[in-house]
Amino acid sequence: MNERPKTFIGVQPEIPGLEAHEQDVSVNLSLPYSDLTNIWIPEDSIYEKALRTLPLGRLANIKQLSFLSYVSPNPEKTYFLPYSHDRLDHSLTVALVAEKMLRQNRLPEDKINLGILAGFLHDIATPAHGDPVKYLDPETLNEETHWLETLDEKSKKFLGQFGAAGEAMDEIISNQGVLGKVLDIADRIAYTMKDLQAIHTDTRSPAINLNPYLVFINLILSHNPKIGNIYQEVGIDEKKQEVFFNDPKHLEVLLLLRAHLFQNLYLHPTNQGRDLFITQLIKPLYSRDASSELNPQNLRQMGDFTLMNIVFHHYKPFLSHGEVAYPDLVNWHPEFERFDSIADAQKREEELRQNENIAVVGIKECKGFDPATNYKVATRYKYVEFRGFDPGASRQIEAIAESTKGIFLFWADVSEDSNTNRLLRTVLKNN
């Protein structure tokens, strides 16, 4: 890739009547904490052709972290500015990292192109506002199994030139085979580095109310300032269909950083409770067919702004005065309790419902996350899983994954009059 800026496909804020991939803006790629910085896409490359052909621009209007927020030790006294990075930036970065890994292992150009296109396509069917919306209907709104439904005939014809339409791409996006394993690793490297960058930026002011985990993350990054370069240490053995890491210590750092993001951001109960409320907020407007305002087809075609406009318009008549905005929701923090069984959570839920000042959001089970300690590392004679190579480090990472599991009950005190509390009372009164 060259370094000369070029103006081409990107996305402005959502503009009615204008297709996302017809809007022009310069695009620059970077992988934080790595040497991949200030990368501009060359003319007539597969990147430019894909961006001009595929309906990728919509992803620039979908936030990567949706309604997730930084949870400070005193969230009620902290005003959070929402994370701004988006799914298009993520997808482009995944494509770039996948290409680098494939090219450094000297795979043929046709497979490199497939890897690049898989990076573009793996999130293309993500519904507006991502995870809390997918929770409405996890099977039907799964982006990995419905990516082809977002494409028109022109897009399918373009992919056909690279053998990327249909089953071949299905296998890669579902992380099968060498290319699928490369996509999986590129995806995890990209979102870990991008999300760390967003969090790292938030901690630079001495006025920030620091959560201790951020201090620990910052310490790790200070000792590993180029941990994003771990993509350079990924090897591929096509004959054995193995994808592996050549430096186990750097893999440990990556997995540990990723685990802390899951524990303290993605799966933090406060964020999970907010996501559950967003699901409840949208649920009355959704069905699998066209009988409702929201369905799988249009959720895969709109961006976050359009979706929230539809939702807020639906609830506006029920709010006595004032309006709720996206920042209000991101700065709302539910109360929660953790239980060992659904029965115990339901018993507590019934108690809370007796209080007219309490709005119960619901019960949600967190099943944890994949700690990825089964990634292979290269030893002198064979490839072994990281958990077998370094059991001690793996147990630490797996313990973090285990700590996120549980059954959670979420609720809110709505006794005070506010825009968000009026919305909570409206949405949850019949739950």
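In helix α9 (residues 248-266), Lys-249 and Glu-252 lie three residues apart and are therefore separated by about one helical turn, helices being DSSP runs of H or I of at least four residues, numbered from the N terminus. In this predicted model, in which local features need pLDDT of at least 70, side-chain atom pairs count only at pLDDT 80 or more, whereas totals for chains, interfaces and linings use all residues. Residues are numbered from 1 along each chain as its sequence is written, and side-chain values use heavy atoms, with hydrogens and water left out.

The side chains of Lys-249 and Glu-252 are joined by a salt bridge with an N to O distance of 2.9 Å, a salt bridge being a side-chain nitrogen of Lys or Arg within 4 Å of a carboxyl oxygen of Asp or Glu. Lys-249 is exposed at 52% relative accessibility, whereas Glu-252 is buried at 14% (buried means under 20% relative accessible area, exposed over 50%, and partly exposed in between, with a 1.4 Å probe and protein chains only).

A salt bridge also links Glu-48 to Arg-52, with the closest N and O atoms 3.1 Å apart; these residues are four positions apart in helix α1 (residues 46-53), and so about one helical turn separates them. Glu-48 is buried, at 8% relative accessibility, while Arg-52 is partly exposed, at 37%.

Asp-417 and Arg-422 form a further salt bridge, their closest N and O atoms being 2.8 Å apart, and Arg-422 is buried, with a relative accessible area of 7%. The structure holds 25 salt bridges.

Technical notes: Helices (H or I, at least four residues) and strands (E, at least two) are DSSP runs, numbered from the N terminus.
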